[in-house]
Amino acid sequence: MPTAFTNIGSLVTNDLERGTGLLGEIDNAAFVVDEGKIAWVGSALDLPAVDDRFDLEGKTVIPGFVDSHAHLAFAGDRSEEFAARMAGTRYEAGGIKTTVAATRAASDEELRSQIASRVAEFHRSGITTFESKSGYGLTVADEARTVRLNSEVTSESTFLGAHVVPAEFAANPDDYVDLVCNEMMFASAPNAKWIDVFCDRGAFDYDQAEQVLRAGMAAGLMPRIHANQLEAGRGVELAVKLDCASADHCSHLNVRDIELLAGSSTVATLLPSAEFSTRAEYPDARRLWGAGVTVAIATDCNPGSSFTTSMAFCVAVAVRDMHFTPEQAIWSATKGGAMALRRSDIGAFGLCMKADFVVLDAPSATHIAYRPGVDLVESTWISGKAVHRRNK
Ligand code: NIG
Ligand code: FE
């Protein structure tokens, strides 16, 4: 039965033809959901007759946040590493190995339960679609199982066997790349949509990364990449060459990288909480946007460089420290995230799109950045069904 959601003070549609400004906002709005999809959206004054109504009490509604970069399948704790970093130690890719040991030692049930609690946090933070990577197993069996466990909670499951070279292959990194491209790929690809590689200092170089991404593409996976986080390498160049859906981090870009991204359909996914939690320099999101690059913002939820599930926090940091306007940051955390996952059915209020949305206890979406650290998410809805309701 169709349900009308009414009495919406401000609705962010991300549809320029439907509303005003970058976010296509409509005041005093309403929309209708039928069979989990948006069946109508517009001014409340034009609402068609629908028997079932849900009064949203003048609150703000935005499309659900789309988190296009997360690492949910892990065990263990690295709070001491975080504390040391805040005391002056530099972040390095090698810390990943601590989590690898804990993840290998965890049972399927332990991992499943930890993933489930992170998914519940995502829903509480207004995230309705999320990507999740493997990468803390680094054996054939452990990569295959973390890809599978991720695929139980999201269709956006990513094989990241090439996260770092595990200790047992330290003397022969190319042998590890071969393992990733062959046996590990065959065991993991059936439960993955994406292939990813960490192309950076202390992880994999350009040639190794290209080998991994091409092997993944040959196995039917779509490419995305961790690029230019720790230094200005060639990751972005590779991303554009292989038409990766997204180049993630982009913390160290030169003029040529920006030109390449602007002329491509590769999204630059920025991870504000990673810079925050590693005390690193922030990339200039406004500069990227101004150059014509499509930008997404994601949480990068992981135990080492960014242990947050709050997209609102990421939006606030992107505004404060990456020089985005609130509108640009909110667009990047919704529509931008959808584009980074090459999804046209989420990230906006368009007819026949998935009815994934968030009700905010605030007079406008700007409050997401204006009220940092305050939980404004009243409820989160996926396919027209509430997955989180505050105080319920
Ligand atoms: O996206 N950069 C590589 N991977 C993660 C960090 C992983 C870790 O430190 O455990 C990231 O920041
Ligand atoms: Fe990451």
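I began with the cavities and found that the space taken by ligand 1 is the largest cavity, a cavity being a set of points on a 1 Å grid over the protein atoms alone where a 1.4 Å probe fits but cannot get out. I note that this is a predicted model, in which local features need pLDDT of at least 70 and side-chain atom pairs count only at pLDDT 80 or more, while totals for chains, interfaces and linings use all residues. Residues are numbered from 1 along each chain as its sequence is written, chains are lettered from A and ligands numbered from 1 in the order written, and side-chain values use heavy atoms, without hydrogens and water.

I then looked at the polar contacts (N or O atoms within 3.5 Å): a polar side-chain atom of Q229 lies 2.7 Å from a nitrogen atom of ligand 1, whereas H249 places such an atom 2.9 Å from a ligand oxygen, and D300 likewise has one 2.9 Å from an oxygen atom of ligand 1. Taken alone, ligand 1 exposes 330 Å², and the protein buries 100% of that (Shrake-Rupley method, 1.4 Å probe).

Finally I turned to the domains, whose bounds come from an automatic or database assignment, and recorded domain 1 as 3-63 + 347-389 and domain 2 as 65-340. Their contact (heavy atoms within 4.5 Å) takes 21 residues from domain 1 and 22 residues from domain 2.

Terms used: A polar contact is a pair of N or O atoms within 3.5 Å; within protein, one must be able to donate a hydrogen and the other to accept it, and residues adjacent in sequence count only if both atoms are side-chain atoms. On a 1 Å grid over the protein atoms alone, a cavity is a set of points where a 1.4 Å probe fits but cannot get out, and a pocket is an open set with protein on both sides within 12 Å along at least five of seven lines; lining residues have an atom within 4 Å of a point. A molecule sits in a cavity or pocket if more than half of its atoms lie within 2 Å of its grid points.
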